[in-house]
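Here is a short report on one protein model. Keep the sequence and the 3D view open as you read.

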Amino acid sequence: MQAWHVHENGEPSEVMRLAEAERPTPGDGQVLVRVRAANINFPDALLCRGQYQIRPPLPFTPGVEICGETEDGRRVIGNPALPYGGFAEYAVADAAALLPAPESLDDAEAAALHIGYQTGWFGLHRRAGLEAGETLLVHAAAGGVGSAAVQLGKAAGATVIGVVGGAEKAAVARELGCDVVIDRRAEDVVAAVKKATAGRGADVIYDPVGGEAYTQSAKTVAFEGRIVVVGFASGTIPSPALNHALVKNYSVLGLHWGLYNTKNPKLVRHCHDQLTELAARGAIKPLVSERVPLAEAAAAVQKVADGRSTGRIAVVMEESA
């Protein structure tokens, strides 16, 4: 089979190499999955750089989110078991963690439903308790993680403010359904949020960026608001001032979605059922901006790493395409 391997850590375009390899052998409780589509996530870039919290032994195949087919013919989605990731014709996955692929979504869309939408659902509903009528602010609203949060926020009946970087991404955010779009490159984010909310601020802020975005969040969160910390795509991990949270009466909530797979896997399946139902009635639909063949995976991962993508880029196998 064809598979991408990382033999040393560095930038994806420099360290990912496509080569012939033997099909991986599943371990106890695992299954072999023929990959139909693999979605590219920012953690794939971090894995290549050796900066992710999980560091598989070298060499490994990146690709943490797939839609594939099991040997008994089931179409499934899930997270491959590293080091046998999804940027290959075959991957290995824990049997118990695989979920049925929604019939309403094609392979690329189904592959993109898992991590971003599960993270969004847990962040907005499980952690922040988002209610209809509240205002939700989403940083990086045109990205893979942000676009999922925008759609889930609209489905929950929230007013959604999307913060993006650049006119092209602003257009994407509007198409996603954002009620207000703020281009951080052209506008003062804090002033724009206060204007859009009549000075009140946002009830829930969804932050996969960190750095300056978190600073803006603390300045624009409403009374009894909730800031959900999802990740640090900016590369800068903020240090929240807890005295500020006390004086302003808001909460800072951390979200590590992967923990639910071991701490409460039943809730992951419940979430998948909710997402499948939302997808079936068209309330959510993963934004797949590009579909590339396996041979172009390294360049596509680099594009995500550089922050030049909108929505999701999916690596689609020839048969699936």
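Start at glycine 177, which follows helix 6 and has a positive phi, near 115°. Helices (H or I, at least four residues) and strands (E, at least two) are DSSP runs, numbered from the N terminus.

This is a predicted model: local features need pLDDT of at least 70, side-chain atom pairs count only at pLDDT 80 or more, and totals for chains, interfaces and linings use all residues. Residues are numbered from 1 along each chain as its sequence is written, and side-chain values use heavy atoms, with hydrogens and water left out.

**Helix 6**

Helix 6 covers residues 167-176. Its buried residues are Lys169, Ala170, Val172, Ala173 and Leu176. Buried means under 20% relative accessible area, exposed over 50%, and partly exposed in between (1.4 Å probe, protein chains only).

What do the buried residues pack against? They meet helix 5 (144-155), strand 9 (159-164) and strand 10 (180-183). Contact here means heavy atoms within 4.5 Å.

An open sheet is formed by 6 strands in the order 10-9-8-11-12-13, with parallel pairing. Strand 10 and strand 13 (251-254) stand at the edges, each with a single partner strand, so one side of each has no neighbour in the sheet. From one strand to the next, the twist averages 20°. Two strands pair if DSSP finds at least two bridges between them. Strand 8 (residues 135-139) and strand 11 (residues 202-207) run parallel and are joined by 3 bridges. In this pair, leucine 136 stands opposite valine 204 of strand 11.

Axes are lines fitted to C-alpha atoms, for helices over the stretch in contact, and angles run from 0 to 180 degrees between N-to-C directions.

| Helix | Lies across | Angle |
|---|---|---|
| Helix 6 | strand 9 and strand 10 | about 165° to strand 10 |
| Helix 8 (residues 212-220) | strand 8, strand 11, strand 12 (221-229) and strand 13 | about 155° to strand 12 |

**Threonine 61**

Threonine 61 is in the loop between helix 2 (42-49) and strand 4 (66-70). Threonine 61 is buried, with a relative accessible area of 5%. Not counting residues up to four places away in sequence, it touches several residues, including Trp4, Leu82, Tyr84 and Phe87. The side chain of threonine 61 reaches the backbone oxygen of tryptophan 4 at 2.9 Å.

Technical notes: A polar contact is a pair of N or O atoms within 3.5 Å; within protein, one must be able to donate a hydrogen and the other to accept it, and residues adjacent in sequence count only if both atoms are side-chain atoms.
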